[in-house]
Amino acid sequence: MSEELAKEIKKRRTFAIISHPDAGKTTLTEKLLLFGGAIHVAGAVKSNKIKKTATSDWMEIEKQRGISVATSVMGFDYEGYKINILDTPGHQDFAEDTFRTLTAVDSVIIVVDVAKGVETQTRRLMEVCRMRNTPVIIFVNKLDREGRDPFDILDELENELKIKVTPLTWPINIGAKFKGVYNIYEQGLDLFTPSKQTISERIEIDDVNSPLVDELIGESDAVKLREDLELIEGVYPEFNEQSYLEGKLAPVFFGSALNTFGVKELLDCFVKIAPSPKPVVAEERMIKPEEEQFSGFVFKIHANMDPNHRSCIAFVKVCSGKFERNVGYRHIRTDKVMRFAAPTAFMAQKKSVVEEAYPGDIVGIPDTGNFKIGDTLTSGEVIHFKGLPSFSPEMFKYIENADPMKSKQLEKGIRQLMDEGVAQLFTSSFNGRKIIGTVGQLQFEVIQYRLLHEYGAQCSWEPISLYKACWIESEDQDALDAFKKRKHQFMATDKEGRDVFMADSNYVLQMAQNDFPKIKFHTSSEF
Ligand code: G4P
């Protein structure tokens, strides 16, 4: 292994911040960039955050998403580390994008609002992290506002996110009386002054029983703090880096992103404990980042919505070796050698052409339809990286051709949009009709618009009442055949040709499970 490569890998930290909308992801991202010197004023990040006013107007949303290509990945240097933050769309209708982004990160920071606790989207995203054993750090935000008791929050994190937690900082009051946090990890007191720009100063404390603590935060708060810390010591495990790296223990920080409070503590701890790029399991073998030969995969495709420039950016995560501009790489699915003249890197909100990139880095490749989500590029070896399984969509509609002269265009459009990961396609085994499954209503609008503007095809939607798509399997082929025959009206295939049972209600699904005990039903495509 070359020393240069090893050094580059070791200093990389590639992660995503995930949260339920409004918990403070954008604010936290911005503050991290401020510390990295990547931006100089607050308010400079136009991230993938979609403004609330625009929730019903997806064109507006797309405009905002368009602006945010440059902020899809935000790279910056901090204390000798190269940090890559992968942005994820806040809007829940684009949750699939977020799932896929999670395949490209080595760790995750979860932001939780102290008043709201764990919310739906966080729960779902955590399921994906658990599937992949992604190391997780939790930031409990908005301590400057009234909120819940921190012990309650810890309980909820543990129960709802199904992960062991241990606090590394501990708040002294919250809301109007919030005085700061005690840093359990580094033994010190960080006192709070409400301010958007300044950074709190650390007061080193050897012993929390020191009278200095009473002096700084007042006697009654000092007494409470000592009691809390004793309880924490008794109830929560000591922080263990290995457990964190295995995705079994999540350290918890408390702070206020808006006030830049607790953010530096989080970042300093993050760079120390968060993993550098890890080996990636491919179908053929495990690929280690320090291997000399380049490999990487496409985890996201960002389409340009401007019909005059029908181009996309394929986001490639470098998994091993060094990626170089203008070097020929093998596109495994099509078995073509491709060279990239203008690969871009994302540093500090700016896109610029890069000469080289290392494991953990994300390279943007301008594309006109050569890439699909999950495609692998290598120096030559045939490798297939495992993608993320598909999850059952929440909403379903039949897609119909509304312009018979354009059926070819419609076919092509649907195929390409599905390759891009815009939604999921199922084909009914009963009547051959195409069913599109999405996470939210907006995706239907996006598909219709894009089919028209990019492919000149017109589609219409017809309602179909479905509850879940369940991938089925059985060790008993006869049982499987019998089930498919009995339920043939409700059977479909996904785009890989796998059998899917389209249950029209929870009741029907439960009945099917009872009546066909030899069949296993899965709500994701990997089992
Ligand atoms: P998101 O990306 O997770 O959706 O959340 P975002 O950072 O946009 O934060 C949502 C709202 O919460 C914003 O207010 C933001 O200013 C506020 N916020 C974030 N961190 C804190 C905090 O530590 N304390 C308090 N009190 N508020 C916080 P907004 O009014 O919705 O938007 P804006 O007009 O301020 O941008």
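These questions and answers walk through a predicted model of one protein chain.

Q: How many helices and strands are there in the protein chain?
A: This model is predicted, and its chain has 527 residues. Of these residues, 54% count as buried. The chain holds 14 helices and 31 strands.

Q: What share of the contacts in the protein chain with a separation of 6 or more comes from residues 24 or more positions apart?
A: Take the contacts in the chain with a separation of 6 or more. Residues 24 or more positions apart account for a share of 71%.

Q: Which strands are the edge strands of the open sheet of eight strands?
A: The sheet has the order β27-β24-β26-β25-β29-β30-β28-β31, with antiparallel pairing. An edge strand here pairs on one side only. From one strand to the next, the twist averages 40 degrees. The edge strands are β27 and β31.

Q: How many bridges join β24 to β27?
A: Strand β24 covers residues 395–401, and β27 covers residues 459–463. The two run antiparallel. Within this pairing, Glu-400 stands opposite Ser-460 in β27. The bridges joining β24 to β27 number five.

Q: Which residue of β26 is the bridge partner of Phe-396?
A: Strand β24 also pairs with β26 (residues 434–438), in the antiparallel sense over four bridges. The partner of Phe-396 in β26 is Gly-437.

Q: Which residue in β26 stands opposite Gln-424?
A: Strand β25 (residues 424–428) is joined to β26 by four bridges. These two strands run antiparallel. Opposite Gln-424 stands Gly-437.

Q: At about what angle does α12 run to β24?
A: Helix α12 spans residues 441–455. It lies across β24, β26 and β27. Its angle to β24 is about 20 degrees.

Q: Which strands does helix α13 lie across?
A: Helix α13 is made of residues 477–486. It runs at about 150 degrees to β28. The strands it lies across are β28, β29, β30 and β31.

Q: Which residues in α12 meet α11?
A: α11 passes α12 in a right-handed crossing. From α11, the residues in contact include Leu-410, Ile-414 and Leu-417. The residues of this contact divide into seven nonpolar, three polar and three charged. On the α12 side they are Ile-447, Arg-450, Leu-451 and Tyr-455.

Q: Is Glu-156 buried or exposed?
A: Glu-156 lies in helix α6 (residues 150–161). Leaving out residues up to four places away in sequence, Glu-156 touches Lys-116, Gly-117, Val-118, Arg-148 and Leu-161. Its relative accessible area is 18%. Buried means under 20%, so Glu-156 is buried.

Q: What is the relative accessible area of Val-252?
A: Val-252 has its place in strand β11 (residues 249–254). Not counting residues up to four places away in sequence, Val-252 touches residues including Ile-138, Val-140, Leu-154 and Leu-157. Val-252 is buried, with a relative accessible area of 0%.

Q: What distance separates the C-alpha atoms of Val-252 and Trp-170?
A: Along the chain, Val-252 and Trp-170 are 82 residues apart. In the model, their C-alpha atoms are separated by 8.8 Å.

How values were computed
Residues numbered from 1 in each chain as written. Predicted model: local features only at pLDDT ≥ 70, side-chain atom pairs only at ≥ 80, totals over all residues. Heavy atoms only, no water. Axes fitted to C-alpha atoms, helices over the stretch in contact; angles between N-to-C directions. Left-handed = near helix turned anticlockwise from the far one by under 90°. Contact = heavy atoms within 4.5 Å. Nonpolar A, V, L, I, M, F, W, Y, C, P; charged D, E, K, R; others polar. Buried < 20%, exposed > 50% of the residue type's maximum accessible area, 1.4 Å probe, protein only. Pairing = 2+ DSSP bridges.
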